Amino acid sequence: MPKLFDIKFPGGCKSLPDGFWSAVDVWIKKPHVVNKRLCGVKETDSKDADQDDLRLLLHDPELFTDVLLFMISGASPAHEPDKPWSSSVRTFIPKINCYGTNLHKEIILKDFGRHRVTFIPFEEDAEGKVSLRKGNIYQIQLCNQDCEEWSLELCALSVDSWFSDGVAYPKLPWLSSDLLPKLVRWATECRSSEFRSTLSLLPVEKYSLMYQQLKDKYKAMVKVWPEVTDPEKFVYEDVAIATYLLVLWAEERAEKGLTARQAFVDLGCGNGLLVHILTNEGHPGRGIDVRRRKIWDTYGPQTLLEEKAITPSESFLFPGTDWLIGNHSDELTPWIPVIAARSSYSCRYFVLPCCFFDFCGKYQRRQCKKSQYKEYIDFIAEVSQVCGFNTDEDCLRIPSTKRVCLLGKSRNYQLSDEPEVEQQRAHYIHSRCTAPGVTVQRSDVSNDEDCCNGNGSCNGTPGSSWGAGFQPRDRVETVRNCAALPRDVVDGVVLRVANALLGMTVGDGEGSCHDWNQGGSLSVSEVAGLLGHETLRLLKKECGGLQTLLRNNHQVFRVEGGRVYIRDWRERKPFRADAKRKPVAPGALKTRLCWFHAHHPQGCPLQAENCAFAHRADDLRPSTRPLKKIKNDAF
């Protein structure tokens with residue numbers, strides 16, 4: 001058996017051999033995490049298989065002999081030659097169907113005694129006729145040398161006849177350069193995820209087909225996106241969420257024998273694209289949000305979007321709705337299972353939590369052994385359970401770190417028990433809102449690319465009958481990137497931090513007296529220690545806090561790896577804020593004064609004509625925005 005490639009494990013790896021099988025299972029069950037041309041696989045249940053089973057699978061006696069020898073080559077005499085393997089079959093689901101009606105499959109044989117797994121690919125046409133790909137049979141084996149060194153080996157039955165199409169049949173060099181290192185890392189880490197695998201509640205093949213159709217249909221939205229948010233992220237994320245719901249609802253109709261398409265309401269619909277797609281695909285529904293978006297006008301009258309504040313109360317029940325949707329719904333998130341449960345016994349919900357809110361304010365952590373995200377997902381699942389739902393959890397395939405969704409598709413009680421369950425709900429909500437340590441806080445959440453996406457929409461007056469401490473979102477989105485801070489506060493912070501950095505290298509003997517002082521460096525936490533309590537309180541209200549303020553003042557500071565430095569404009573290193581900045585043209589007017597010319601003990605390191613900032617007031621270009629100067633005693 002020719003050994004094609006091998007890779008050694010790091011010394012002292014204690015996760016083997018169990019970690020090897022954990023890594024192999026990732027490759028078997030989720031090959032799409034490495035092979036990006038696959039959407040996933042459909043796998044049969046594992047069962048024991050012996051030589052007779054293998055002979056029946058392969059049909060050809062000569063092929064059976066070759067494969068058997070390939071599988072047991074190098075076997076230790078201590079291993080039984082006829083010990084059964086664990087066998088399963090997986091069917092590849094490509095992202096883009098390039099195979100027509102033919103199915104591309106693999107027989108997977110695990111040999112736990114010899115720490116090896118063999119992959120036997122075959123194709124099956126529409127009539128069920130099977131043809132083996134003998135040239136693409138390969139094996140991955142965990143080898144142990146001298147009971148100390150571990151390595152991973154890749155072998156192929158017939159290298160010369162290996163076929164590759166980059167989808168179901170990857171290239172041999174790819175298996176070596178991409179797959180083997182991943183397997184070593186997974187085996188070494190041997191970590192189990194806190195959450196379920198992606199699309200665990202859906203048939204992946206139907207999701208893949210639907211997603212490609214919707215992606216092609218709505219990709220033009222990227223070119224006409226009028227919002228300030230990233231169009232590719234938001235369009236393709238909403239396409240993926242719509243795909244998930246459409247496949248889920250189609251499966252529900254088939255299971256229950258329904259013909260009418262499910263009606264929905266999207267609470268906190270934001271840009272409304274999800275509502276637009278679901279409506280276009282035949283589902284009656286509407287979206288509600290506290291703030292109208294520019295893109296709403298482009299959808300047309302068939303997409304029903306309402307600009308309205310939502311307060312959890314009797315005024316916002318939806319008895320004629322099949323599904324309530326909460327897509328990054330912020331402070332409404334814990335209320336959506338409640339609203340669904342109280343709307344009607346048949347109402348279901350889908351929620352994709354993002355920012356952490358309780359019923360009456362920000363969510364307070366209670367368990368340090370879990371990640372904050374996992375703890376919050378468990379909290380929403382608890383709310384769902386208390387509300388009487390059988391709760392399912394799944395993981396979406398979207399460009400976001402917050403992609404775990406919860407679904408309430410059925411109830412865990414009979415309709416006749418509704419009064420008792422309602423009493424349980426009310427008691428639970430009251431206990432959460434009156435628990436010690438609950439901080440009522442208005443949700444001024446920024447429009448981060450991976451945070452709430454501006455989709456939250458609960459607004460109204462405090463004191464609703466469902467939760468007296470509920471704090472709604474303002475209709476006008478609050479700017480929280482430090483741009484609205486009083487000018488004297490920002491200037492004071494900049495001067496104090498810069499002086500501290502410059503003072504670190506004064507008189508330390510480095511260089512001559514003619515060298516321009518570049519200062520030292522401080523961690524962000526050390527910089528925070530330089531500031532007063534009131535200043536830190538103001539910065540804490542801003543997204544990114546102190547680090548955002550320092551990055552905003554990129555003329556003065558360079559922030560890298562959590563440390564703060566004085567920027568030396570002589571180096572002209574590209575960085576995020578001025579990566580596209582062109583050299584200063586002769587005679588160019590400038591919009592801001594040079595901080596170094598005014599405040600650095602040695603002035604600006606550049607001549608006035610070479611500096612991107614003005615050394616004299618006469619060089620300034622008139623500003624169209626008046627500077628906001630507000631007296632503030634933050635120091």
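Colleague: Which residues does Y244 touch in this predicted model, leaving out residues up to four places away in sequence?

Modeller: The model is predicted, so local features need pLDDT of at least 70 and side-chain atom pairs pLDDT 80 or more, while totals for chains, interfaces and linings use all residues. Residues are numbered from 1 along each chain as its sequence is written, and side-chain values use heavy atoms, without hydrogens or water. Contact means heavy atoms within 4.5 Å. By that rule, Y244 touches L199, L201, L202, Y207, F350, D394, L396, C405 and L407.

Colleague: In the largest nonpolar core, which residues touch the most other members?

Modeller: A nonpolar core is a set of buried Ala, Val, Leu, Ile, Met, Phe, Trp, Tyr and Cys residues joined through side-chain atoms within 4.5 Å. Buried means under 20% relative accessible area (1.4 Å probe, protein chains only). Of the 43 residues in this core, those with the most such partners are Y244, L245, L278 and F350.

Colleague: Which element gives the largest share of this core?

Modeller: Helices (H or I, at least four residues) and strands (E, at least two) are DSSP runs, numbered from the N terminus. Elements that each supply at least two residues include helix 5, helix 7 and strand 13. The largest share, 12 residues, comes from helix 6.

Colleague: Why is helix 7 largely enclosed by the rest of the structure?

Modeller: Its buried residues pack against elements including helix 5, helix 6 and strand 13. Helix 7 spans residues 273–280, and it is largely enclosed because the number of its 8 residues that are buried is 7.

Methods:
Buried means under 20% relative accessible area, exposed over 50%, partly exposed in between (1.4 Å probe, protein chains only).
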